[in-house]
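Q: I have a model open and want to go through a few spots in it. Can you take my questions as they come?

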2 protein chains.
Amino acid sequence: MGATLQTVADQVGVSRSTVSNAYSRPDQLSPELRARILAVAERLGYPGPNPSARSLRRGKVDAIGVLLTANLSMAFRDPYAVAYLRGLAEAAEQRKTSLLLIPLPHNDQEGALDAVRNAAVDAFCVYCVPDWFKALEIINFRGLPVVGGEDPAITGQLSGEVGFVGIDERKAARRLAAHVAALGHRRVALIGHWITDTSVTGPVDVHPDELRYYVSGERVRGFRDALVAAGVDLADVVLINAAENDRLVGAEAAGHALDRQDRCTAILSTSDVLALGVLDALAVRGLRPGRDVSVTGFDDIPEAAAVGLTTIRQPSVERGRIAGELLLDPPADPQARHRVLPTTLVVRATTGPINQESSS
Amino acid sequence: MGATLQTVADQVGVSRSTVSNAYSRPDQLSPELRARILAVAERLGYPGPNPSARSLRRGKVDAIGVLLTANLSMAFRDPYAVAYLRGLAEAAEQRKTSLLLIPLPHNDQEGALDAVRNAAVDAFCVYCVPDWFKALEIINFRGLPVVGGEDPAITGQLSGEVGFVGIDERKAARRLAAHVAALGHRRVALIGHWITDTSVTGPVDVHPDELRYYVSGERVRGFRDALVAAGVDLADVVLINAAENDRLVGAEAAGHALDRQDRCTAILSTSDVLALGVLDALAVRGLRPGRDVSVTGFDDIPEAAAVGLTTIRQPSVERGRIAGELLLDPPADPQARHRVLPTTLVVRATTGPINQESSS
DNA sequence: TTGAAAGCGATACCAT
DNA sequence: ATGGTATCGCTTTCAA
């Protein structure tokens with residue numbers, strides 16, 4: 001217990017530096033001496049250099065901090081987030097770097113953000129954190145390298161921003177909504193994750209331009225763009241906030257759209273997970289997706305294919321991997337540090353032409 | 001740049017202690033002074049106490065190290081591992097504790113284990129790491145609290161073991177194999193994850209008692225127990241190693257069982273992920289699961305239900321949560337620190353009575 | 001190849 | 001309520 005570099009050095013009869021070298025620079029001393037030192041260390045129960053002391057001195061930790069969604073454990077329910085994390089892990093493990101998953105307090109209260117403040121990391125990767133979260137300010141203030149991958153504008157303001165990897169959210173959303181509009185839908189509901197806040201699920205009365213959370217905001221604006229372009233009356237468009245990116249919440253949100261007199265004929269969600277919930281809500285009410293009500297998602301998680309969900313496919317693992325690479329090996333060329341990845345419209349069975357009978 | 005506690009203290013005209021208190025013990029100084037200090041700190045661009053220095057001094061990091069599978073990024077492909085991690089995250093986020101995901105070198109080579117050695121954490125949670133991995137020795141030597149949750153014997157030897165959370169692997173496997181044997185199957189193949197090593201997929205000639213990796217070993221031994229009890233000749237049982245817990249690898253392993261003259265009538269795998277691969281292999285060969293060949297998994301991941309896989313259900317999220325709780329709030333009662341969770345045999349469509357025609 | 005000395009940046013205890 | 005002081009454990013020049 002309590003063995004330290006000093007203890008070992010004393011026992012062996014060498015200086016601290018030498019013991020330190022035995023661990024961190026094997027080439028700086030004779031193999032025999034090193035062996036002797038390591039043996040003594042083992043006998044003394046010296047656990048090796050103290051990680052905190054070591055990183056304090058070296059100024060490096062070999063870990064990157066990950067803010068995965070405003071709600072860490074919830075993130076693991078979203079296959080897309082998991083895939084992103086997998087990509088990040090791939091990049092990290094290739095470089096012997098650990099990933100520090102930092103939990104955010106559910107309320108984002110000042111004092112509760114210690115975990116972000118005290119995170120011993122060399123850089124941060126931020127994924128799906130609403131831009132108004134205080135955690136971002138802290139990260140910004142710490143001045144470490146950051147890869148956001150969402151709002152180019154916001155991450156552009158982070159002092160340590162090293163790059164960006166994302167997609168053209170709005171354009172992709174536009175294509176999806178254009179597809180829906182082309183099928184004749186005019187009464188539409190849009191379900192957005194955190195478009196207003198992170199606590200209440202239900203209809204909101206906000207102009208799309210005001211939505212703050214970048215990802216959902218852009219997607220909703222993309223939907224709006226396309227609907228307006230198709231001549232849809234915005235008064236016929238219901239906007240619903242989802243307090244969590246969760247299937248159950250998606251179902252709840254859909255309820256607000258379905259259980260009203262002038263039921264909409266299409267429901268567009270800002271994620272597949274929410275859309276799966278929407279499908280659940282339809283099932284409960286005996287409505288057929290693609291016939292009675294058209295439904296779309298966003299991400300193209302594996303389950304989307306399984307249930308025939310029309311959606312936008314975006315890279316997941318790759319996106320995480322690139323984020324990690326940007327952080328760990330920032331390319332010299334600034335151009336190469338701004339990556340906009342391609343997306344694809346995937347039309348499946350949950351969207352179909354407007355059905356005159358059930359919409360009347 | 002480079003602002004430190006000292007800098008701030010000098011500017012404000014107070015001592016370091018006071019500045020430190022302003023951050024870590026707000027109640028130790030007047031609100032006005034604190035406000036003044038924080039303001040100056042902000043102006044100076046002082047990012048807050050240096051995490052490494054802080055944890056060096058306090059002897060605490062507020063992070064727990066996670067060894068998730070021998071292959072971190074691969075772990076994210078396994079829904080069971082992800083669920084476990086979710087539970088762990090739930091426990092951690094409730095206690096403002098971060099999770100340090102530590103990558104293991106693929107070869108488990110000495111030098112490459114720095115990440116484990118240098119991990120700044122207060123404790124370790126080890127999940128699905130083969131017992132012969134050097135990483136475990138290092139963890140053991142560091143003497144930090146550990147929750148293994150797999151091999152009670154091995155974790156029992158870890159100096160810092162604080163508890164155990166797992167299932168009765170062997171008993172569960174026995175029930176599963178008994179079900180298969182009761183259906184009349186006598187020529188059986190067992191596919192085990194890492195039962196010999198982590199590099200080659202294919203038949204192995206090892207006695208079940210010799211298998212080293214605890215989890216798979218116990219499951220295989222459980223299978224064996226039940227088969228022998230049912231009068232199966234062990235000479236008719238093929239043992240196949242899977243180099244990775246991966247669907248593709250499962251399919252590959254199944255190939256070794258299916259593409260031989262005396263094709264087996266049942267294939268038992270040590271995980272659902274592998275079993276899904278087995279089903280793929282059957283499909284490719286035009287064989288019907290539950291009719292031509294019976295197939296079983298282990299874990300009961302969501303996809304198992306979707307494809308009708310017969311399997312053993314074991315708690316996932318809960319298991320991770322308990323592991324986290326054991327680490328973060330070890331119960332005083334030693335009894336309460338040894339948790340064996342219940343499992344259930346879930347019979348679905350992939351197992352059926354032996355089919356005389358195709359087995360002849 | 002090895003050792004001596006100087007921090008890295010912060011916190012805790014004890015006074016005041 | 002604040003300040004002084006010792007110390008946490010290690011790495012890193014630089015000199016021998």
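Q: Which way do the residues of β3(A) point, and are they buried or exposed?
A: This is a predicted model, so everything here is computed from it. A123(A), C125(A) and Y127(A) point one way from β3(A), while F124(A) and V126(A) point the other way, and all are buried.

Q: How many residues of strand β3 of chain A are buried?
A: Five of the five residues of β3 (residues 123–127) of chain A are buried, so the strand is largely enclosed by the rest of the structure.

Q: Which strand runs parallel to β3(A) over five bridges?
A: Strand β1 (residues 63–68) of chain A. One of the bridges has G65(A) as the partner of F124(A).

Q: And what about β4 of chain A, how many bridges join it to β3(A)?
A: Two bridges, with β3(A) and β4 (residues 146–147) of chain A running parallel. In β4(A), V147(A) is the bridge partner of C125(A).

Q: Switching to T311(A). Where is it, and is it buried or exposed?
A: T311(A) is in strand β11 of chain A. Its relative accessibility is 0%, so T311(A) counts as buried.

Q: What does the side chain of T311(A) have a polar atom 3.5 Å from?
A: The backbone nitrogen of D299(A).

Q: Which residues is T311(A) in contact with, leaving aside neighbours within four places in sequence?
A: Among them are L176(A), D272(A), F298(A), D299(A), D300(A), T344(A), V346(A) and R348(A).

Q: D300(A) is on that list. What does D300(A) form a salt bridge with?
A: R313(A), and the closest N and O atoms of the pair are 2.7 Å apart.

Q: Is D300(A) buried or exposed?
A: D300(A) counts as buried, at 15% relative accessibility. R313(A) is partly exposed, with a relative accessible area of 38%.

Q: Now chain B. What does D300(B) pair with in a salt bridge?
A: R348(B), with the closest N and O atoms 3.0 Å apart. R348(B) is in the loop between β13 (344–346) and α16 (356–359) of chain B and D300(B) in the loop between β10 (294–296) and α14 (302–307) of chain B, so this pair ties together parts 48 residues apart in sequence. D300(B) is buried, with a relative accessible area of 16%.

Q: What about R321(A), what is its salt-bridge partner?
A: E325(A), with the closest N and O atoms 3.7 Å apart. R321(A) and E325(A) are four residues apart in helix α15 (residues 317–328) of chain A, so about one helical turn separates them. R321(A) is partly exposed at 27% relative accessible area, and E325(A) is partly exposed at 24%.

Q: Which residues are linked in a network of salt bridges?
A: R170(A), R174(A), D209(A), E218(A), R221(A), R224(A) and D225(A).

Q: How many salt bridges does the structure hold over all chains?
A: 44.

Q: On to the interface. How many residues of each chain are in contact?
A: 44 residues of chain B are in contact with 44 residues of chain A. The area buried between the chains is about 3,800 Å², and carbon and sulfur atoms give 63% of that.

Q: How many salt bridges cross the interface?
A: Two, by the rule used. In one of the salt bridges, the side chains of K96(A) and D114(B) meet at 3.7 Å, N to O.

Q: Which elements of chain B give two or more residues to the side that touches chain A?
A: They include α3 (31–44), α4 (51–58), α6 (79–94), β2 (98–101) and α8 (134–142) of chain B. The residues on that side divide into 23 nonpolar, eleven polar and ten charged.

Q: How many residue pairs are in polar contact between the chains?
A: Six, with both residues of a pair at pLDDT 80 or more.

Q: Last one: how do β2 of chain A and β2(B) run, parallel or antiparallel?
A: Antiparallel, with three bridges joining strand β2 (residues 98–101) of chain A to β2(B). L101(B) in β2(B) is the bridge partner of L99(A).

Definitions and conventions:
Residues are numbered from 1 along each chain as its sequence is written. Chains are lettered from A and ligands numbered from 1 in the order in which they are written. This is a predicted model: local features need pLDDT of at least 70, side-chain atom pairs count only at pLDDT 80 or more; totals for chains, interfaces and linings use all residues. Side-chain values use heavy atoms; hydrogens and water are left out. Contact means heavy atoms within 4.5 Å. Buried area is the accessible area (1.4 Å probe) that two parts lose on being put together, summed over both. A salt bridge is a side-chain nitrogen of Lys or Arg within 4 Å of a carboxyl oxygen of Asp or Glu. A polar contact is a pair of N or O atoms within 3.5 Å; within protein, one must be able to donate a hydrogen and the other to accept it, and residues adjacent in sequence count only if both atoms are side-chain atoms. Ala, Val, Leu, Ile, Met, Phe, Trp, Tyr, Cys and Pro count as nonpolar, Asp, Glu, Lys and Arg as charged, and the others, Gly among them, as polar. Two strands pair if DSSP finds at least two bridges between them. Buried means under 20% relative accessible area, exposed over 50%, partly exposed in between (1.4 Å probe, protein chains only).
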